[in-house]
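Please follow this walk through a single chain with the sequence and the coordinates at hand.

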Amino acid sequence: MNIAEALLTARCRLAGTIAEPVREARQLLAAAIDRKREFIIAHPEYDLTDEELSKFEYFLARRLKREPLQYILGRQEFYGLEFLVGPGVLIPRPETETLVRLAAVSFGEREEPRFLEIGVGSGCISITLLKILPTARIIGVDISRRALFYARRNAERHRVRPRLHLIQSDLFGAFADMRFDAILTNPPYVASDELISLEPEVKDYEPKEALTVGADGLSLIRHIVAAAPHYLISGGGLFMEIGFGQLERVKKLFAADHRWASIVFEKDLSGVERTAVAFRR
């Protein structure tokens, strides 16, 4: 079977199940034969070896079960950088780039800012920020060893490992009286009854502990809003992603705590107010 035949077969099998069968067929085939997309387009006559065909069939079977494409390929782009991902770690999403941009703008002129990221996951937030701010240092915590494994690999891959200290911890448990210029977090915020309505790629494969906690999805957000001021310097900032439809409830959480000032909610690339930014008085 050559490339043209393999792509045609894959497109037919993916159609009706996957939204973009042409694009994904090319990506899966490129990964299976370890070639770039340009090779796939330029050499439709290339005959796949038995090993390449077997690998392609394996990738297709996984995707037809709705396993995320990113897990199969083992990578995902975020803020123009490529991050290694796999089962057990949340897949980076474009809307989270807003959080990184806002933090970078807020602390771009500060010498050696120190950040804490709660729920570091793949490391995409911290690592991207370290690439943008070459004097920054970040402590990243996550309760998941699997997530920390990927964060470590990605930090090494992007050559920021000396400035990213990774700790297995639940929220603020490891920090006692430490203070930071900013706290960054993309906490689980999906309400438990909404999880079932998500795409199979999300609800069946991504780590549930990174997606949902509590009936209304606000359990960790409440805790972070209440605890974060203790770990921030005066004027320090909290940059937190929130879920669709949570804006008014999160506004009330901040408004009820006199320690917070200059509270704003920024829109993501889709125009949804997804990132909360607040500074400690």
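This is a predicted model: local features need pLDDT of at least 70, side-chain atom pairs count only at pLDDT 80 or more; totals for chains, interfaces and linings use all residues.

**The open sheet and its neighbours**

Gly237 stands opposite Phe279 in β9. Strand β9 covers residues 273-280 and is joined to β7 by 5 bridges, the two strands running antiparallel. Strand β8, residues 260-267, also pairs with β9 in the antiparallel sense, here over 6 bridges, and Trp260 has Arg280 of β9 as its bridge partner. Between β8 and β9 lie the 5 residues of a hairpin, and in its turn Gly271 has a positive phi of about 85 degrees.

These strands belong to an open sheet of 7 strands with mixed pairing, in the order β5-β4-β3-β6-β7-β9-β8. Its edges are formed by β5 and β8, each of which pairs on one side only, and from one strand to the next the twist averages 15 degrees. The parallel sense is found between strand β3 (residues 114-118) and strand β4 (residues 137-142), which pair over 5 bridges; Ile118 stands opposite Val141 in β4.

Another pairing to inspect is that of β1 with strand β2 (residues 81-84), where 4 bridges join strands that run antiparallel. Gln76 stands opposite Phe83 in β2. In β1, residues 75-78, the covered face carries Gln76 and Phe78, while the uncovered face carries Arg75 and Glu77. The hairpin of β1 and β2 has 2 residues between the strands, and Tyr79 takes a positive phi near 55 degrees there.

**Aromatic rings**

A pair of aromatic rings is described by the distance of the centres and the angle of the planes. The structure holds 12 aromatic pairs. One of them, formed by Phe172 and Tyr231, is stacked, with 4.6 Å from centre to centre and 5 degrees between the planes. This pair links distant parts of the chain, 59 residues apart: Phe172 is in the loop between β5 (164-168) and β6 (180-185), and Tyr231 is in the loop between α10 (219-227) and β7 (232-241). Phe172 and Tyr231 are both buried.

Why is the pair of Phe175 and Phe180 edge-to-face? The ring centres of Phe175 and Phe180 are 5.8 Å apart and their planes stand at 90 degrees, so the pair falls into that class, for which the planes must be over 60 degrees apart. Phe175 and Phe180 are likewise buried. Ring pairs also link Phe107, Phe115, Phe239 and Phe279 into a cluster, and Phe279 is the residue of β9 that stands opposite Gly237.

Arg35 lies over the faces of two rings, being 4.2 Å from the ring centre of Phe39 and 5.5 Å from the ring centre of Tyr46.

**Helices and the loops beside them**

The axes of helix α2 (residues 21-33) and α4 come within 8 Å and cross at roughly 140 degrees. The two helices are therefore oblique to each other, since angles count as roughly antiparallel when they are over 145 degrees. The crossing of α2 and α4 is right-handed.

Glu51 has its place in helix α4, which covers residues 50-64. Is Glu51 buried or exposed? Its relative accessible area is 67%, so Glu51 is exposed, the cut-off for that class being over 50%. Glu51 and Ala32 are 19 residues apart in sequence, and their C-alpha atoms are 9.0 Å apart in space.

Most residues other than glycine have a negative phi. Asp34 is placed in the loop between α2 and α3 (37-42), and with a relative accessibility of 69% it counts as exposed. Arg66, also a residue other than glycine, has a positive phi near 75 degrees, and its place is in the loop between α4 and α5 (69-73).

Definitions and conventions: Residues are numbered from 1 along each chain as its sequence is written. Side-chain values use heavy atoms; hydrogens and water are left out. Buried means under 20% relative accessible area, exposed over 50%, partly exposed in between (1.4 Å probe, protein chains only). Two strands pair if DSSP finds at least two bridges between them. Rings of Phe, Tyr and Trp (its six-membered ring) pair if their centres lie within 6.5 Å; planes under 30 degrees apart count as stacked, over 60 as edge-to-face and the rest as tilted. A charge sits over a ring if NZ of Lys or CZ of Arg is within 6 Å of the ring centre and within 35 degrees of the ring normal. Axes are lines fitted to C-alpha atoms, for helices over the stretch in contact, and angles run from 0 to 180 degrees between N-to-C directions. Angles under 35 degrees count as roughly parallel, over 145 as roughly antiparallel, 65 to 115 as roughly perpendicular and the rest as oblique. A crossing is left-handed if the near helix is turned anticlockwise from the far one by less than a right angle, and right-handed if clockwise.
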